[in-house]
Amino acid sequence: METAERFRAAVEKRDLTALEDLFTEDVRLYSPVKFTPFEGRPMVLGLFGVLLRVFEDFRYVGGFEGAAETSADGAEAPAEVLLFRAAVDGREIHGIDLLHFDEAGRIKEFTVMVRPQSAVQALGQAVLAGLVADGLA
């Protein structure tokens with residue numbers, strides 16, 4: 001998918017501006033450390049600003065295309081899974097980004113899953129601190 005390739009390139013270059021046009025206005029991001037999703041393009045872009053600062057040595061290591069049911073409405077949508085590796089506070093993270101696309105190819109839903117538990121905790125603490133510092137939480 002073209003959008004997934006553009007997304008991957010923007011994240012790997014840490015180019016927040018390039019991400020803006022890839023999300024729908026009402027994008028929802030499901031985080032491994034927060035029960036309710038982050039909603040709307042401004043909030044999701046703010047979160048990405050924090051993530052791009054928090055992740056160390058972030059890199060995508062693979063991907064899969066297909067379709068999957070979305071969380072928001074239960075409808076099946078084109079989707080792509082991007083596997084990544086990174087570190088937060090010296091803890092190695094293995095994770096996936098699950099991207100769901102709308103009819104125009106923009107990202108409408110985004111789910112992040114990471115392991116191990118110690119990395120999830122470190123990520124949660126670092127992201128919360130970043131959100132507070134940026135006035136988003």
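Biologist: Which residue of strand E4 does Ala-68 stand opposite?
Modeller: This is a predicted model, in which local features need pLDDT of at least 70, side-chain atom pairs count only at pLDDT 80 or more, and totals for chains, interfaces and linings use all residues. E3 and E4 pair in the antiparallel sense over 11 bridges; two strands count as paired if DSSP finds at least two bridges between them, and helices (H or I, at least four residues) and strands (E, at least two) are DSSP runs numbered from the N terminus. Within E4, the residue opposite Ala-68 is Ala-77.

Biologist: What mean pLDDT does H4 have, as the lowest among the elements?
Modeller: The scale for pLDDT, the predictor's confidence in each residue, goes from 0 to 100, and the protein averages 93, with 99% of the residues scoring at least 70. Among the elements, E1 has the highest mean, 96, whereas the lowest mean, that of H4, is 90.

Biologist: What is the order of the strands in the open sheet?
Modeller: The sheet has 6 strands and its pairing is mixed. Its edge strands, each pairing on one side only, are E2 (38-39) and E3 (56-69). Read across the sheet, the order is E2-E1-E6-E5-E4-E3.

Biologist: In E2, which residue is the bridge partner of Arg-28?
Modeller: Strand E1 (residues 23-30) pairs with E6 in the parallel sense over 4 bridges, and there the bridge partner of Arg-28 is Glu-109. E1 also pairs with E2, this time in the antiparallel sense over 2 bridges. In E2, the bridge partner of Arg-28 is Glu-39.

Biologist: Which residue of E6 stands opposite His-100?
Modeller: Strand E6 (residues 107-115) runs antiparallel to E5, and 8 bridges join the two. They form a hairpin with 5 residues between them, where Gly-105 in the turn has a positive phi of about 90°. The residue of E6 that stands opposite His-100 is Glu-109.

Biologist: Which residue takes a positive phi near 50° in the hairpin of E4 and E5?
Modeller: Strand E4 (residues 76-88) and strand E5 (residues 91-101) pair in the antiparallel sense over 10 bridges, and Ala-87 has Glu-92 as its bridge partner in E5. The hairpin has 2 residues between the strands, and the residue with a positive phi near 50° is Asp-89.

Biologist: At what angle do the axes of H3 and H4 cross, and is the arrangement oblique or roughly parallel?
Modeller: Axes are lines fitted to C-alpha atoms, for helices over the stretch in contact, with angles from 0 to 180 degrees between N-to-C directions. The axes of H3 (residues 41-54) and H4 (residues 117-133) come within 9 Å and cross at roughly 120°. Angles under 35 degrees count as roughly parallel, over 145 as roughly antiparallel, 65 to 115 as roughly perpendicular and the rest as oblique, so that the crossing angle of roughly 120° makes H3 and H4 oblique.

Biologist: How many residues of the contact of H3 with H4 are nonpolar?
Modeller: Contact means heavy atoms within 4.5 Å, and among the residues of H3 that meet H4 are Met-43, Leu-47 and Arg-53, while those on the H4 side include Leu-123, Ala-126 and Gly-130. Ala, Val, Leu, Ile, Met, Phe, Trp, Tyr, Cys and Pro count as nonpolar, Asp, Glu, Lys and Arg as charged, and the others, Gly among them, as polar. In this contact 1 residue is polar and 1 is charged, while the number of nonpolar residues is 9.

Biologist: What is omega for the cis peptide bond that joins Arg-115 and Pro-116?
Modeller: Most residues other than glycine have a negative phi, and most peptide bonds are trans. Arg-14, in the loop between H1 (2-12) and H2 (16-19), has a positive phi near 60°. Pro-116 is in the loop between E6 and H4, and for the cis bond joining Arg-115 to Pro-116, omega is about -5°.

Notes:
Residues numbered from 1 in each chain as written. Heavy atoms only, no water.
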